[in-house]
Protein chains: 2
Amino acid sequence: MTAAGKELRVLFEPSGRKVFVLPGTVLLEAAAQAGFILHTPCGGAGHCGKCLVRIRSGRCTPSATEEATLGAARIAEGFRLACQARVEGPLTIEIPETSLFQSQQQILTADSGEPLQVHPRVARHPLTLPSPTHGAGEISDAERLLAALPPCRLRIAALRRLPLALRQADFRVTAVVADGEVLDIEPGHDADSAYGVAFDIGSTTLVGTLVHLRTGADLAVAARVNPQTSFGDDVLSRIAKCRNEPDGLAVLQAAVLDGINRLLDELVKKTGVDRRHVYELVFAGNTTMQQIFCGISPAALGELPFVPAFREALEMHAADLGLRVNPEAKVYVFPQIGGFVGGDTVAGIVATRLDRAPTPALLVDIGTNGEIVLAAHGRLTATSVAAGPAFEGARIVNGMRATAGAIEKVLLDGDVRINVIGNARPAGLCGTGLIDAAAELLRVGALDSTGRLLHANEAPAGLEPAIRNRLIEEQGEVKFLLADGAITSSGQPLYLYQRDIRELQLANGAIRAGINILLQDAGLRPEDLGVILLAGAFGNFIRRNHARRIGMLPPIPCRQIRFVGNTASFGAKRVLLSVEEKKYAEEIVRRVEHLDLSLHAAFLEEFGRAMLLPEQDPGECAESD
Amino acid sequence: MTAAGKELRVLFEPSGRKVFVLPGTVLLEAAAQAGFILHTPCGGAGHCGKCLVRIRSGRCTPSATEEATLGAARIAEGFRLACQARVEGPLTIEIPETSLFQSQQQILTADSGEPLQVHPRVARHPLTLPSPTHGAGEISDAERLLAALPPCRLRIAALRRLPLALRQADFRVTAVVADGEVLDIEPGHDADSAYGVAFDIGSTTLVGTLVHLRTGADLAVAARVNPQTSFGDDVLSRIAKCRNEPDGLAVLQAAVLDGINRLLDELVKKTGVDRRHVYELVFAGNTTMQQIFCGISPAALGELPFVPAFREALEMHAADLGLRVNPEAKVYVFPQIGGFVGGDTVAGIVATRLDRAPTPALLVDIGTNGEIVLAAHGRLTATSVAAGPAFEGARIVNGMRATAGAIEKVLLDGDVRINVIGNARPAGLCGTGLIDAAAELLRVGALDSTGRLLHANEAPAGLEPAIRNRLIEEQGEVKFLLADGAITSSGQPLYLYQRDIRELQLANGAIRAGINILLQDAGLRPEDLGVILLAGAFGNFIRRNHARRIGMLPPIPCRQIRFVGNTASFGAKRVLLSVEEKKYAEEIVRRVEHLDLSLHAAFLEEFGRAMLLPEQDPGECAESD
C-alpha cells in the first residue's frame with residue numbers, strides 16, 4: 001500500500017463501530033460505510049444542519065459553511081456537519097440519535113389485509129419425460145421438454161441447464177414456467193418452491209414483502225431507508241442530480257438497486273428461502289423512483305410538461321438489473337399515470353378498489369409529494385401536489401423525522417402535553433406533532449387564520465397563563481415554546497417558529513387545493529364525498545380531527561376518513577399474486593385522467609385560499625370512529 | 001511487484017515479438033500471448049509432436065514426455081514441445097513455420113456468389129415525433145414513439161435512451177426495429193447504418209462476413225483459427241473436456257467467444273463501421289460447436305444416442321454472450337438436425353438449394369466429421385461420419401495442416417513430383433497430398449486394393465526405378481519416400497508410412513460408407529446421382545479424379561462433381577439477410593431425416609467394404625470439367 005493510499009481510522013460512538021477511509025473522505029460517507037445513514041434533507045448543501053455530528057477526538061477543521069450554519073460556539077463544542085466535514089486524521093465521532101435516519105423510525109409495512117386473488121403467472125411443473133433410447137434419440141432435449149408443457153419457448157438459461165438436469169434425475173425434472181417461457185429447470189420433482197417479492201419503492205423508504213406464490217402467504221416483510229436519501233430527500237433533488245451530473249442517474253440507480261438487494265438478502269435470510277426459487281419481483285413507486293430504478297433518466301420529469309418515459313408496465317428480468325434472485329426471474333414495474341402520479345398510486349387504487357366505491361371516494365397519499373385520486377360517477381381523476389418536506393420534518397427549524405425523540409403529539413390542556421416517540425427525551429418535532437401543534441394553537445386562539453402566531457398580549461382573554469407565557473417574542477416575531485431545555489435531549493429549548501407555521505400552510509394548502517380542484521372538476525362539493533382513504537406512512541399517524549381543523553382535509557365526519565395503510569405495498573403484492581390484478585392495474589392506467597395542476601387555471605387561486613387556516617372548527621369527532 | 005510474481009521475458013524469433021510471463025508458464029500459452037497459435041492435434045498430451053519449437057537461448061529442461069517423443073538427438077539440438085516445456089528463465093524461442101496454425105494456412109472464405117434475397121428483419125426508421133406541449137404532455141415518450149411505428153414493444157435499453165435522444169435532436173430520431181421490438185434509438189435521421197455479420201463456427205476455423213443489411217453487400221470477410229483448437233483438434237476431444245472438467249464448458253465457450261470478438265474487432269476496424277450499428281449476428285456450426293458457443297453442455301452428444309439439446313433455431317441478444325456489438329443486437333443460432341449434423345449442414349442446404357435439385361443430389365462436407373446430405377425424389381436425408389483427423393494432417397506421421405510447407409499435390413510421372421504450399425521447402429503432407437499420394441501409388445500398382453504398400457520387389461514390372469527405389473522396407477513394413485532430406489525444411493526425409501495409408505482408408509471408408517448408406521436408403525445406385533456438391537475448405541482443394549480413384553466418391557463423371565465453397569458461411573449470410581431464408585432454414589430442419597449410422601445394421605459391413613481401395617480406375621476425367 002502506498003503512502004497516498006493510507007487509510008485513516010474513524011470510530012463511531014456510542015456503537016463502537018469503526019471504518020478505515022482515505023484522507024479527504026466526507027464524514028457522511030464514512031458514516032454510511034459504518035452503516036449509519038444520516039438525515040440530509042438539503043441534499044448535502046450544508047444548510048439544514050440535520051446531519052449534525054460531534055468530534056470526540058481527532059482534528060477536523062470546520063469549513064466556512066459549517067461556521068455559518070452552526071455558529072462559533074457549537075463549532076467550539078466539537079459539532080460538525082457530516083455532509084461538509086472531511087477526515088484529516090484518525091477520528092472518534094459521536095452521532096446523535098436525532099441525526100440518524102434509520103434506527104427507530106416508524107416504517108409502516110402493514111397492509112389492509114383484504115382477501116387476495118392467488119393466480120400467479122409463475123408455476124412449477126413436475127414432469128417425467130421419456131428418456132432417449134435408440135429410437136427416441138432423434139428428439140432433442142428441448143423438444144422432449146416442450147412436448148410435455150403447454151406451448152412455450154425455452155429461455156437460453158433454462159436450455160443451458162436442461163441436458164444435465166434431465167440426466168441427473170432419470171429424466172424427472174421440474175420446469176418453471178411464466179408467460180409461455182420456461183425460466184428454469186431443476187432435476188427432480190418439486191411443485192411448491194416458488195416465491196415472489198412485492199416492493200414499494202418510496203422516495204424515503206423501501207419495503208419488500210416475500211410471498212409464497214402458490215398459497216399467497218406472506219412469509220416475511222423487510223424495510224429500509226432508500227439509500228438515495230443520502231443524495232437529497234425529495235424527488236426534485238434527485239431529478240436535478242440526474243440532469244446536472246453525468247453519472248447522476250447511474251449513482252442513484254445503483255443506490256436503490258443496492259437497497260433492494262439488501263432487502264432481498266434480509267428476506268431470504270429470515271425465511272431460509274433459496275434465492276434461486278424467487279421467480280418474480282414487482283415494483284411500485286412514483287414516476288421518478290420507477291424511472292431511476294429502471295435506469296431511465298427522469299430529466300424530462302423536471303421540466304414542463306413533466307413527461308414520463310413510459311405509461312405501460314415494464315417487463316424485465318432480474319439479471320437485467322443485477323438483482324440477487326433467480327437471474328431469469330420476471331421483473332414487473334408498475335404502469336404509471338403521468339406527471340408525478342406513478343405506479344405507487346396505481347397500486348393504491350388496486351389495493352383499495354377505489355374505482356369500485358359506491359359513493360364518491362378520495363384516496364390521499366401524503367408525503368413530500370401528495371398524490372390524490374378521486375373516483376366519482378365512473379370517472380377516475382388523479383393529481384399530485386408538491387407538499388414539500390415539512391411533514392418529514394424538513395424546513396422546520398426544530399423538525400425531524402418520526403424517529404425516536406420526535407414530538408409526535410401535542411395537546412394544549414391547561415399546559416402543553418407532548419408525546420415523544422421511543423419514550424425518549426424530546427429532540428424535535430415530526431409531521432404529526434407539527435399538525436397537532438398548529439391545530440391546538442388555532443383552537444385556543446393563539447394562532448389566527450392567516451397563520452400568524454399571536455403576541456402574548458394579543459391572545460384571547462381566556463387563554464391559560466401556562467400557554468400564554470410560551471408565546472415568546474423575538475425580533476418582532478412570535479415563537480411558541482414546545483419543550484423547555486430542562487427536558488430536551490440537547491438541553492436546548494424546542495420552539496415552534498412563525499416560519500414553521502408558514503411551511504405547514506404551504507404543505508397543507510397544496511394538498512387541500514389539489515383535493516378541491518379534483519372535486520370541482522367532478523362537479524362535487526366536499527360533503528358529497530362518501531369516504532376519504534388516507535394512505536402511506538405519514539397518513540396513518542395523522543390525527544383526523546386535526547387534519548380537518550387545519551383544513552388539510554374537508555370537514556366530513558371522521559368515520560368517513562379511513563386509514564388504509566401502505567397501499568403501494570399491498571397493491572404490489574396483489575399484482576404479484578395474480579395475472580388478473582396485473583390486467584386490472586393496466587386497465588386503471590388507461591382509465592385514470594391526470595389533472596396537471598400546473599396547467600390548471602384555478603389552482604393558484606385555490607392554493608391561495610387553502611393557505612388560510614379555517615376560522616371555524618368543523619366540530620370534533622371521536623378519533624376512534 | 002513481489003518476488004513471487006517476477007515475470008520472465010520470452011522472445012520469439014524470427015518475428016521479434018516478446019511477452020512477459022510467470023515462471024512455470026507452458027510455452028504454448030506464452031506463444032498464444034504473443035499471438036502465435038500452434039498445432040496441437042493431440043490436445044496438448046505431448047504425443048503428436050506438432051507444436052515443435054526450438055530454444056535459441058536460455059534454459060528449458062526437457063520433460064520425460066518430450067524425451068520420449070522427440071528423442072535425445074533433437075532435444076540436444078534445442079527442440080522442445082510447446083505444449084510440455086515450461087518457462088524457467090528468460091528465453092529466446094524459434095517457432096518453425098510448420099508449427100504455426102495460422103500464418104499462411106489456406107482458409108476458405110469464398111462463397112458461390114449466387115444472387116441474394118435481401119429482406120432483413122432489422123430496419124432503421126427515421127421518425128419526426130410530435131414534441132410535448134401543454135396538451136400533448138399527457139403522452140409518455142414511449143407512447144409518442146410507438147404511435148409512429150408498426151405494433152412494437154420497446155426493449156428496456158431503447159427506452160433508457162429514448163428521453164434524451166428525443167430531446168437531443170428536437171424530437172427527430174431513428175428507431176432500430178426487429179421482429180416487433182425496438183432495439184435502439186438514436187437522435188437524428190439515418191436510415192442506412194445497419195449492419196450484420198454471418199459467422200461460420202468451424203471446429204478449426206472461424207469465418208465472419210460483415211454485410212450491409214439494406215443492400216446485402218459484403219463489406220469485409222475475416223477468418224481466424226478457432227481458439228478451441230488449443231484444447232484438441234476434433235469435436236470429441238472438446239466434448240470430453242466438457243464431460244470431464246468442471247469448467248471445461250466455460251473455458252471452451254470463452255475461447256470461441258473471444259475468437260468471435262476478435263473477428264468482430266477486425267471487421268469493424270477494416271470497414272470503419274460503428275459497432276453499435278451491428279444489429280444482427282448469425283451463427284452456423286456443427287452441433288457441438290453451436291452448443292458450446294451458446295453455453296449448453298454437449299456432454300449428451302458424447303454418448304449414445306447422441307442427443308442434441310435443441311433443434312429449432314435459438315434467439316439471443318449480443319449482451320447475453322458478451323459479443324462486442326450493439327448489446328441488443330439479435331443473435332440467431334442455426335437450427336440443427338441431430339447427432340453431429342448441425343447448423344452448418346443446414347446452412348449448406350440453404351446455400352446450395354440442395355432440396356430443389358432436379359436430379360438426385362449429394363452434398364458432402366469433408367472435415368474431421370464428414371456431413372453428407374442426399375436430396376432425392378422430394379426426400380432429404382442426412383448423416384455424419386467420423387472421418388477422423390487424417391485429412392487435417394493429424395495421425396499421419398509426417399502429416400500437417402494445409403499451411404506453408406505442406407505437400408499438397410503428388411504426381412508419379414517417371415519420378416515423384418510434388419507441389420508445396422507457400423513456395424517453401426517441404427515440411428510435411430497435408431490431406432490433399434495424402435489422397436494424391438495414395439491415388440497415384442494405387443495407379444502405378446505400388447499400393448494394392450487392401451491398402452498394402454508393396455515391397456520394391458513385389459511391384460509391377462513396368463514401375464519406373466526412380467519410384468520403385470522409394471519403396472523402402474523397415475522392420476517388415478514398407479514406407480514410401482516422398483522427399484529426400486536434401487530438399488526438406490528439417491533436413492530429414494519425408495515418408496508416407498503404411499500406417500498413414502490405414503488412417504486414410506479409415507477416413508475414406510467412413511465417408512464412402514455414409515454415402516452408400518444414404519443411397520441405399522433412397523433406393524438409388526451411385527450412377528443415379530445427378531450431382532455431388534463438395535463443400536468446405538478441404539473439399540475445395542481435393543482433386544476429383546483422385547477422390548474417385550481411392551473410392552471416397554462414387555465414380556460419376558467429374559463434371560457432375562462441383563466445388564461449392566464455404567456453404568456454411570454463405571448459407572449463414574443468406575439467413576442473415578432475409579426473413580424468408582430463416583423460414584427456409586427452419587423448414588429444412590423439419591424436413592431432413594437424420595440417419596444415425598451407429599444404429600444402422602448395414603453400416604459396419606459397408607464401412608468394411610469401403611475400406612478397400614478400388615482395384616479398377618474409374619477412368620480419368622479432365623479436372624477442369
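**Helices and sheets of chain B**

A: The C-alpha centres of domain 2 of chain A and domain 4 of chain A lie 69 Å apart. The model is predicted. The domain assignment of chain A gives domain 2 as residues 122-187 and domain 4 as residues 404-496. Domain 1 covers 3-99. Domain 3 is written in three segments: 204-260, 271-293 and 311-333.

Now to chain B, beginning with a helix pair. Helix H5 of chain B spans residues 235-244, and helix H6 of chain B spans residues 248-271. Their axes come within 6 Å and cross at roughly 135°. An angle over 145 degrees would count as roughly antiparallel; H5(B) and H6(B) are therefore oblique to each other. On the H5(B) side, the contact uses Arg238(B), Lys241(B), Cys242(B) and Asn244(B). H6(B) brings Gly248(B), Leu249(B) and Leu252(B). The residues of this contact divide into three nonpolar, two polar and two charged.

Next comes an open sheet of three strands in chain B. Its order is S22-S23-S24, with antiparallel pairing. Strand S22 (471-474) and strand S24 (494-497) of chain B stand at the edges. Each has a single partner strand, so one side of each is left without a neighbour in the sheet. Neighbouring strands here are turned by 40° against each other on average, direction ignored. Strand S23 of chain B, residues 477-483, is joined to S24(B) by four bridges. Phe480(B) stands opposite Leu496(B) in S24(B). Helix H12 of chain B (residues 498-521) packs on this sheet and touches S23 and S24 of chain B. The direction of H12(B) makes about 55° with that of S24(B).

A second open sheet in chain B has six strands. The order is S26-S25-S16-S17-S18-S27, and the pairing is mixed. Strand S26 (561-565) and strand S27 (593-594) of chain B are at the edges. Each of these has a single partner strand, so one side of each is left without a neighbour in the sheet. Strand S16 (residues 361-365) and strand S25 (residues 531-535) of chain B run parallel, joined by five bridges. Val364(B) stands opposite Leu534(B) in S25(B).

A helix covers this sheet too. Helix H9 of chain B, residues 343-352, lies across S16, S17, S18, S25 and S26 of chain B. H9(B) runs at about 135° to S16(B).

Note on methods:
Residues numbered from 1 in each chain as written. Chains lettered and ligands numbered in written order. Predicted model: local features only at pLDDT ≥ 70, side-chain atom pairs only at ≥ 80, totals over all residues. Axes fitted to C-alpha atoms, helices over the stretch in contact; angles between N-to-C directions. Helix = DSSP H or I, 4+ residues; strand = E, 2+ residues; numbered from the N terminus. Parallel < 35°, antiparallel > 145°, perpendicular 65-115°, else oblique. Contact = placed C-beta atoms within 7 Å. Nonpolar A, V, L, I, M, F, W, Y, C, P; charged D, E, K, R; others polar. Pairing = 2+ DSSP bridges. Domains from an automatic or database assignment.
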